[in-house]
Amino acid sequence: MAEFLGLGVGTLMVIVFFVLLFLRLPVAFALGLSAMFAMWELGFGLDLAGDLITTGITKYSLLAVPFFILAGSLMGVVGIAERMIRFFRVLIGGLPGGMGVVGTVVCLFWGAVSGSGPASVAAIGPLIIKSMAEDGYPRPFAAALVCTGAALSIVIPPSIGLVIYGVIAETSISDLFLAAIVPGLLMGVLMLAALPFASRGRPQDGPGREGGTVALLEQPYAGLPYFARLGRAFVDAFWGLLTPVVILGGIYGGVFTPTEAAIVATVYAMFVGVAIYRTLTPRVLFSALAEASASSAVVMLVVAFASLFGWVVTVDDMVGQYSSVLLGLSHNEWVILFVIAVILLIAGMFMDAITIMFITLPIFLPVVRELGWDPVWFGVILMVNLSIGLFTPPVGINLFVAANITRLSLERIAIGAIPFLITSLIGLAILSMFPWISLFVLR
């Protein structure tokens, strides 16, 4: 069929993939079926598919994915998220429009706990959105802030996206984690710059302030002076605030690898839930395990079938063909970087981050090597690009989770996210022009 249409088998595979997506087939199965169709076109037996899938997922580093997902799920259900929000509310929530600042900071901090955008929206979204609405923010803007902040979970370490990039690009995951810290914080600071653009109304009276979520956050410390409230809130949230220190400190202190850190994070979350907060009952544990299993299965299924897709890309020499086309666009590396960014931003509007990485990286990585770009810096830029896709329609997964939480339409939340989209693009441009922002910590 490829010869009849005058197309390469790899190109035909990509076309079939998008046709299957258009027919609303799940991404993982669209990857698998289009890849097996291409294998049949190339004359390979489909019995090879099983070996390729096994090879694709039996990689030690990928063990970090399900364990980080489980750790994030456990930390959400045992009460770490609520105590963390309460601490930051006491710390900075008294400022005008303070819940917007609190929401941004909590999103950044939770990114260092969860590693997954949709999981972050589900864990911290309900409380932050309600609190911001009671503080006078429009609900669509509050939901958009959570979507954008949670999207940075794939940038701020420990990031599931960076783990998978490290596996595909054969790059140090520890270096990727370290290089992403400052860019993640920069993106958060730019988010804060968007807060004044929210058309904030007057804070509500009655249930909004006195009996609502904001009041409930402060209720345990009612009547205490500021520093006494802050101290009590810090003690309550201490074990949650310690989580990034345990995970990242252990990695950079040489105590354990990023993969082992995921297991440590899971054990730590269970310890806090059982011994400290005493909220981890068998029923809660089962719920967290079920949620993490479902999320991990989706990710690993995409990884498994993407390995078939990647094999066809290599065998049909799509890497050589398309990377040559990309390099031939211009002699100016900034033009090539701009084209890559545009491709990633458009792809992020229709596909999830993991699928995009498996489809595009075999083509982009040879370009990165040819132009002498640092693969660690490129990994950070890639994650920032893909994080934007998590809150841009029509397939921004964070938008769908937030819409389900708030019962708002996806369109209203997407409109509320426009200021954050602008600041995110500014952040992407800054990180692209100044690689040292990502790399100076490695030197």
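This is a predicted model: local features need pLDDT of at least 70, side-chain atom pairs count only at pLDDT 80 or more; totals for chains, interfaces and linings use all residues.
**Exercise 1.** Determine how helix 7 and helix 9 are oriented relative to each other, and which residues make their contact.

*Solution.* 
Step 1. Locate the helices: helix 7 covers residues 98–114, and helix 9 covers residues 139–151.
Step 2. Take the geometry of the axes, which come within 8 Å and cross at roughly 25°.
Step 3. Apply the cut-off: angles under 35 degrees count as roughly parallel. Helix 7 and helix 9 are therefore roughly parallel to each other.
Step 4. List the residues in contact. Helix 7 contributes G100, G103, T104 and C107, while helix 9 contributes L145, V146, G149 and A150.
Step 5. Sort these contact residues by type: four are nonpolar, four are polar and none is charged.

**Exercise 2.** Find how many cavities of 30 Å³ or more the model has, and describe the lining of the largest cavity.

*Solution.* 
Step 1. The count of cavities of 30 Å³ or more is one.
Step 2. The volume of the largest cavity is about 50 Å³.
Step 3. Its lining consists of T148, A151, L152, M187, M191, S387, I388, F391 and S424.
Step 4. Assign the lining to helices: at least two residues each come from helix 9, helix 11 (173–194) and helix 20 (375–389).
Step 5. By type, the lining of the largest cavity has six nonpolar residues, three polar ones and no charged ones.

**Exercise 3.** Describe the largest pocket by its volume, its lining residues and their types.

*Solution.* 
Step 1. The largest pocket has a volume of about 1,300 Å³.
Step 2. Its lining is made of 42 residues, and those nearest its centre are V27, V298, D352, V395 and I397.
Step 3. Helix 16 (residues 282–315) gives the largest share of this lining, with seven residues.
Step 4. The lining of the largest pocket divides into 31 nonpolar, eight polar and three charged residues.

Note on methods. Residues are numbered from 1 along each chain as its sequence is written. Side-chain values use heavy atoms; hydrogens and water are left out. Axes are lines fitted to C-alpha atoms, for helices over the stretch in contact, and angles run from 0 to 180 degrees between N-to-C directions. Helices (H or I, at least four residues) and strands (E, at least two) are DSSP runs, numbered from the N terminus. Angles under 35 degrees count as roughly parallel, over 145 as roughly antiparallel, 65 to 115 as roughly perpendicular and the rest as oblique. Contact means heavy atoms within 4.5 Å. Ala, Val, Leu, Ile, Met, Phe, Trp, Tyr, Cys and Pro count as nonpolar, Asp, Glu, Lys and Arg as charged, and the others, Gly among them, as polar. On a 1 Å grid over the protein atoms alone, a cavity is a set of points where a 1.4 Å probe fits but cannot get out, and a pocket is an open set with protein on both sides within 12 Å along at least five of seven lines; lining residues have an atom within 4 Å of a point. Grid points are joined across faces, edges and corners, and a volume is the space filled by probe spheres set on the points.
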